[in-house]
Amino acid sequence: MTIVEAGTAVPEFTLQGDEGPFTRDDLAGETTILVFYPFAFSGVCTDQLQIYDRAWDQLQAAGATKIYGVSTDAGYSQNAFKEQLGVSIPQLSDFEPKGEVARAFGAYFEPAGMTNRAIVIASPDQTVKFSHLAESPGHLPPLELLLDGLA
C-alpha cells in the first residue's frame, strides 16, 4: 500500500470524533496534521502522542493549525487513552467500517488489521502538503519530520 502523495487531493472521508463526524470539509482553511497510529495504549503510540502534544507550540509556529490522532480504535478507547496520557490532541476513530479511511490514505497495515504509523499534512485547500509512511508500525516518526513537512 502506498501513502497518499504530496500535491494530490485529500481523499473524501468520514471519521468519528467527539463532536460528531469529521470529514474532508473540516480540513478547509486549516493546515492539519493527521497522525495515524496503530493502537491506543501501546508503547510507541504513547510516546508519539506525548511528544507531539508537548511540541504543539513549535508545530503551530511552523504553520500547523490543527492536529488529530487517527486509529482504528473505538472512540471511547481513544478518549480513555487521551485522558490517561494527559494530552490535548483530539482523536478521530476509523473504527467502523474498520480502517476504511486509513486504506483511502494508504495508511492501513493489512497483515495486522490496524492503522499503520503515518503522517499526512493537509493544506488549507484540502490537498496533501506532506505524507510519510513509517518503515513499520513500531517506528516513531521524529518531530523533525513533521516540522520539515510543514516547511
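Student: How many aromatic pairs does the structure hold?

Tutor: Before counting, keep in mind that this is a predicted model. Two rings count as a pair if their centres lie within 6.5 Å. By that rule, the number of aromatic pairs in the structure is six.

Student: Let's take the pair of Tyr 37 and Phe 81. Is it stacked, edge-to-face or tilted?

Tutor: A pair of aromatic rings is described by the distance of the centres and the angle of the planes. For Tyr 37 and Phe 81, the centres are 6.0 Å apart and the planes make an angle of 40°. Under 30 degrees would count as stacked and over 60 as edge-to-face. So 40° falls into the remaining class, and the pair is tilted.

Student: How many residues apart in sequence are the parts that this pair ties together?

Tutor: Find each partner along the chain. Tyr 37 sits in the loop between strand E3 (32-36) and helix H1 (43-54), while Phe 81 belongs to helix H3 (residues 75-85). The pair therefore ties together parts whose separation in sequence is 44 residues.

Student: And are those two residues buried or exposed?

Tutor: The cut-off for buried is under 20% relative accessible area. Tyr 37 comes in at 0%, and Phe 81 at 1%. Both values are under the cut-off, so Tyr 37 and Phe 81 are buried.

Student: Now Arg 24. Is it buried or exposed?

Tutor: Look for Arg 24 in the loop between strand E2 (20-23) and E3. Its relative accessible area is 14%. Since the cut-off is under 20%, Arg 24 counts as buried.

Student: Which residues does Arg 24 touch, leaving out those up to four places away in sequence?

Tutor: Start with Glu 12, which is twelve residues from Arg 24 along the chain, with 5.6 Å between their C-alpha atoms. Glu 12 is on the contact list too.

Student: Where is the residue Ser 123, and which residues does it touch beyond four places away in sequence?

Tutor: Ser 123 is in the loop between strand E8 (118-122) and strand E9 (128-133). It is buried, at 13% relative accessibility. Its contacts beyond four places away are Leu 27, Glu 30 and Lys 129.

Student: One last thing: what is the radius of gyration of the chain?

Tutor: The chain has five helices and nine strands. For 151 residues the globule rule gives 15 Å, and the chain's value is close to that, so it is as compact as a globular protein of that length. The radius of gyration is 14 Å.

Note on methods:
Residues numbered from 1 in each chain as written. Predicted model: local features only at pLDDT ≥ 70, side-chain atom pairs only at ≥ 80, totals over all residues. Heavy atoms only, no water. Helix = DSSP H or I, 4+ residues; strand = E, 2+ residues; numbered from the N terminus. Rg over C-alpha atoms; globule rule 2.2 N^0.38 Å. Buried < 20%, exposed > 50% of the residue type's maximum accessible area, 1.4 Å probe, protein only. Contact = heavy atoms within 4.5 Å.
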